[in-house]
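Welcome! Have a look at the structure below, and then we will walk through a few of its features together.

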Amino acid sequence: MKKIKTQVGIIGAGPAGLTLAHWLKRNGISSVILELRSRKYIEGRVRAGLLEQNTVDILNDMGLGSRMKKEGIEHDGVFLSFDSERVHIPFAELTGGRRITIYGQQEVVKDLTDAWLDQGEELLFEAEATKIKDFNTDHPEIHFTHEGEDGVLECDFIAACDGFHGIGRKTMPKESYRSYDITYPFSWLGILANVAPSSDELIYAYHENGFALHSLRSEVVSRLYVQVDNDESVDNWSDDRVWSELSTRLGTPGFELKEGPIFEKGITPMRSHMIDNLKSGRLFLAGDAAHIVPPTGGKGMNLAIADVKHLVDGLVGFYKNNDTKDLDNYTQMALRRIWRAQDFSNYMTQLFHKQDEHGTFTYKLQKAKFDYLKMSTASRATIAENYVGLPFETYEF
Ligand code: RFL
Ligand code: PHB
């Protein structure tokens, strides 16, 4: 049996696990990462693309932002559209200069993986964590399989950064938390296309045919989404149908959607999931292992990285100052911020998706919310500060 020893055993090389490993190393704390998938798989997995100001600051502070600075695209605002009418939300102006950056999640994962391995640190690919043991003692273990062999990672603490389907949350004693869930009656069909973006800001749109989002990955690659039914299949969405729906739903007078070859098409269901306790003994959950938000607020990856901040505060307190206060308060600190993101993601989801027949009471409420954005700077500022992400200090009350 393969035996490895480290201070913090990390399950999952997604944004949460990789950020945690780097941040701990900067504080002189060792860790080893176990990742179920291959390096090629995690570096090619197309997911998020929107980085909040806090996330950008964290990556830069860790000295891992050099490619992001070159290739990421900063946005000072966003367009919100309703029935073909648009409002502009100027983030920087409404939040004292905070903004978002568009940079693919798989690029973040690639940068962090490259840096970790270049520094000679340990990350086992195609290593499946199968069991978490003794997390109520001060010598917990992660049992895993790797290259056909069984292994055990002995550590002081376990960080389960293993996403929604991982073993971390499943290992938490059922009586230690309550779960909260919403399953939305719609999904997103997302595409990547080799075409220059048609807008210099992202566009979120409500249309009587359903929601649409225009995003981008670079000067030559666009990322777009349309709302579809939960039982929809990509086979029913020819490229022509995708472009025609996008053009209809995003349309405003004078706007022209550029079309190009589509090279990726996939459907993502929409759900909100929460649990109200993120730790049990020496087992800690971070990122999608602990919560899921619908992607309408662009918060998932940002929340994963923000959870890590609180976990690092706790572990640094423990190792450097022999103080467990921040570790003990991990759940409380993280949940305050996560619920804020849940609320914002839910708000954006409810505002822009077609939920009921066009023209009914629900629609009138959506329209009233949109009209309020046109009328009120305070309402626009609320969107702006949530979208770019509130500074960490805001949550310390
Ligand atoms: P991840 O990225 O899922 O990583 C977890 C890792 O754990 C591994 N794993 C295991 N390893 C070893 N043993 C086991 N037993 C294991 N079980 C699992 C997995 O292989 C995986 O590599 O979780 P993390 O780090 O918490 O990161 C969360 C983000 O990936 C996620 O929240 C975002 O992608 C969500 N999201 C968005 N977030 C944003 O911040 N901005 C966006 O614009 C945004 N857009 C999106 C999104 C997610 C989407 N999809 C496809 C769900 C758009 C979409 C369409
Ligand atoms: C993306 O670029 O993939 C993206 C942007 C904003 C969102 C969701 C996804 O709200």
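## Two loop residues

Ser84 counts as partly exposed, at 31% relative accessibility; the term covers values between buried (under 20% relative accessible area) and exposed (over 50%), with a 1.4 Å probe and protein chains only. You will find Ser84 in the loop between β6 (77-82) and β7 (85-90). Helices (H or I, at least four residues) and strands (E, at least two) are DSSP runs, numbered from the N terminus. Although Ser84 is not a glycine, its phi is positive, about 70°.

Asp134 sits in the loop between β10 and β11 (141-146). Its phi is also positive, near 55°, and Asp134 is partly exposed with a relative accessible area of 34%. Most residues other than glycine have a negative phi.

## How to read the model

This is a predicted model, where local features need pLDDT of at least 70, side-chain atom pairs count only at pLDDT 80 or more, and totals for chains, interfaces and linings use all residues. Residues are numbered from 1 along each chain as its sequence is written, chains are lettered from A and ligands numbered from 1 in the order written, and side-chain values use heavy atoms, without hydrogens and water.

## Around ligand 1

The shell around ligand 1 (residues with a heavy atom within 4 Å of it) divides into 15 nonpolar, eleven polar and eight charged residues. Its largest share, four residues, comes from α9.

Which side chain has an N or O atom 2.7 Å from an oxygen atom of ligand 1? That is Asp288. Gly300 places a backbone N or O atom 3.1 Å from a nitrogen atom of ligand 1.

Key:
Polar contact = N/O pair within 3.5 Å; in protein donor to acceptor, adjacent residues only side chain to side chain. Nonpolar A, V, L, I, M, F, W, Y, C, P; charged D, E, K, R; others polar.
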